[in-house]
Amino acid sequence: MKNNIEILAPAGDFSALVGAISAGCDAVYLGADAFNARMRAKNFTLENIKEAFDLLHAHGKRAYVTLNTAIYERELDTALEKIVQLHNLGADAFIVADFGVMAEIKQKYPEIEVHASTQSSVHNLDGATLLSRELGVKRVVLARELDKKNIAHVSKNAPCETEIFVHGAHCMSQSGQCLFSYALGGRSGNRGECAQPCRLPYSLNGKGGYPLSLKDMSLAPKINELLSLGASSLKIEGRMKGEEYVYGTVRTYRRLIDEKRNANKTEIATLGSLFSRQGFTSGYYDAKIDSTMLGVRTDDDKQKTSDNETVVPPLEKAKISLYARLKICEQAYLKAEANGKIAEVYGETVEKAVNAPMTRDEIVKRLSKLGTTPYEAQKVEVDSDDGIMIRVSALNDLRRRAISEILTEGKALEIQKYEARSIKKQSVMKTALFLDEKQIPSNVDYFDVVFLPLENYSSRANGVWLPPVIFDSELAGAEALLSQAKNDGAKWALISNVGQIELAKRYGFKLVFDYRFNVFNRPCVDFLQNQGADCVILSPELSLAQLRDFPTLSVIAYGKLPLMTTHKCILKDTYGCDKCQGYMKDRQGASFYVKGIKNGHRNIIFNSVPIYMADKQQNIGAHSFHFIFSDESRAECEKIIEAYKNKNAPCGQFRRIK
């Protein structure tokens, strides 16, 4: 694939699918009616998705099914069953986010092709390599935030294929690391239900606006450069968009790639009229990250779209050639050929007609009746004896079986029931993350492990927290700091991403896997423990009832949840770079602490209220506890620790694990 780059198109419904094929895509990604990250799209059902697969395959396209959400333990049996059903119906690959699901597929169904979703947050070579080696992933969808140098480094060195987004909507948060929609309204982005709070207005330091709303990306002016990066697939975002958008966008990229040239101003304007938010950005790709990347959907944008006259042409049926051999006293034989694929089927024995023999013209007519199939007969050849007799139903059966065989690849798999496994219990412990050593109070010995950020680690902590994102271009700097932290006494590492596992292991740290791994099920725990986890912090999206499936594993028992990790700094234009922290307010007056990370000039946006369970510890049960101290003062940290020691009731606003 690396020498023949793929255009991967979105399809939220059947009309968009037709538009993608008509425009010349190479593959389509689409969602079934559950477990996909665009649950608000129309999507496809098990009843109509076979027709979609057949249409794609008839036209020589591939079908990738998105199962790119986190999966609860009690959903695993259903999810895995659906994967097998969809594979047997003709899915070519599955785009998967949940590491537990990847592990189960590798163990039970190694024949199934898996692509790691961008929700897996792969953004460096170590991450791509680990998923390929340990989970059998054939392709990784790289984070949208990567610039061209980092894309090229991963794409040219990874043992698997890479896929990159080239057009469509940006998430403000690093993919797979956003809890904003979940925290504000209970609609989880990790579960395909994002309410897009990033598109709402906020104020920072008294300056109002839309600091979280990014323009759509478009790399159409960068085609020649893209073709040299080593990626296997160029992905267009838009499963919530209509057929005109899909057709117009795919058609433009098809033309540019075929002609090996960059888009001109007219083509960029056409793409903008299909959909844009005050134009496009290539800021991440170009590593030019500033306020020009921000944009909202204006009335002028909407007017341009309404004036767009893109019309999706009718899709012609795919061509198929048929060759029949009908000889007396031999089995009937039919060969079908389409898109370089051949199917051969045999039927009942041909007999000599007693009367009313079947003519060649009648045989051709019968075989050409392709009806509701995605094919029309381009050529039908018949090699037959004179005066033969074969039942019409037998001819029809030959034709049906030949068409079915040419549309179906690989053998059907048997469904294996998922059986919940017992997980290895970890030592019950208390851990805490402080963003600054000045916060660490005198009663810090309440915790077994205390973490400080890598960029400002001191020996007051025995653990170091690696930043959520480390690009390959930032790796040398991170390694130098990690080595220094090890020399200064750090024994534990709090890691946030699959691309950090090997890095932390190289320095001999004991490993705590952060909630950012989105641990929702036991196979995910098993995978992480096999990678060397001494402690696993469960997803904060799990309920008290769901936590009971994971005894001894760690729960965020206190703290303001980090809701977003942003690659674009929202502090620079309001508070300035010197302070590197501030507060963002929403329309209701809720205040969200924003902390800058010097590594990569990223931000972490924390929730406005903390999780508080001091007086409800018995409800959590036999779990390890993890605390997150963000903007609390030293005195406040001390008070909170005492509250948990004494199981005190809360003061002020808070949220519960329910």
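In this predicted model, C329 sits in the loop that runs between β13, residues 318-326, and β14, residues 331-338. What is its phi? Although C329 is not a glycine, its phi is positive, at about 75 degrees. C329 counts as exposed, because its relative accessibility is 67% and the cut-off for exposed is over 50%.

Q278 also has a positive phi in a residue other than glycine, here near 55 degrees, and it is found in the loop between α10 and β12, the latter being residues 280-281. Is Q278 buried, partly exposed or exposed? With a relative accessible area of 42%, Q278 is partly exposed.

Let me stay with α10 and turn to its partner. The axes of helix α9, residues 243-259, and helix α10, residues 265-274, come within 9 Å of each other and cross at roughly 160 degrees. Angles over 145 degrees count as roughly antiparallel, so α9 is roughly antiparallel to α10, and their crossing is left-handed. On the α9 side, the contact is made by E244, Y245, G248, T249, T252, Y253, R255 and L256, while α10 contributes E267, L271 and L274. Sorted by class, this contact has five nonpolar, three polar and three charged residues.

Next comes a serine in helix α6, residues 148-157, namely S155. S155 is buried, with a relative accessible area of 0%. Where does the side chain of S155 reach? It reaches the backbone oxygen of I151, at 2.8 Å, and the side chain of S155 also makes a polar contact with the side chain of T162, at 2.7 Å.

I will finish with helix α17, residues 522-530, which is mostly covered, with seven of its nine residues buried. After α17 comes G532, whose phi is positive, near 105 degrees.

Key. Residues numbered from 1 in each chain as written. Predicted model: local features only at pLDDT ≥ 70, side-chain atom pairs only at ≥ 80, totals over all residues. Heavy atoms only, no water. Axes fitted to C-alpha atoms, helices over the stretch in contact; angles between N-to-C directions. Helix = DSSP H or I, 4+ residues; strand = E, 2+ residues; numbered from the N terminus. Parallel < 35°, antiparallel > 145°, perpendicular 65-115°, else oblique. Left-handed = near helix turned anticlockwise from the far one by under 90°. Contact = heavy atoms within 4.5 Å. Nonpolar A, V, L, I, M, F, W, Y, C, P; charged D, E, K, R; others polar. Buried < 20%, exposed > 50% of the residue type's maximum accessible area, 1.4 Å probe, protein only. Polar contact = N/O pair within 3.5 Å; in protein donor to acceptor, adjacent residues only side chain to side chain.
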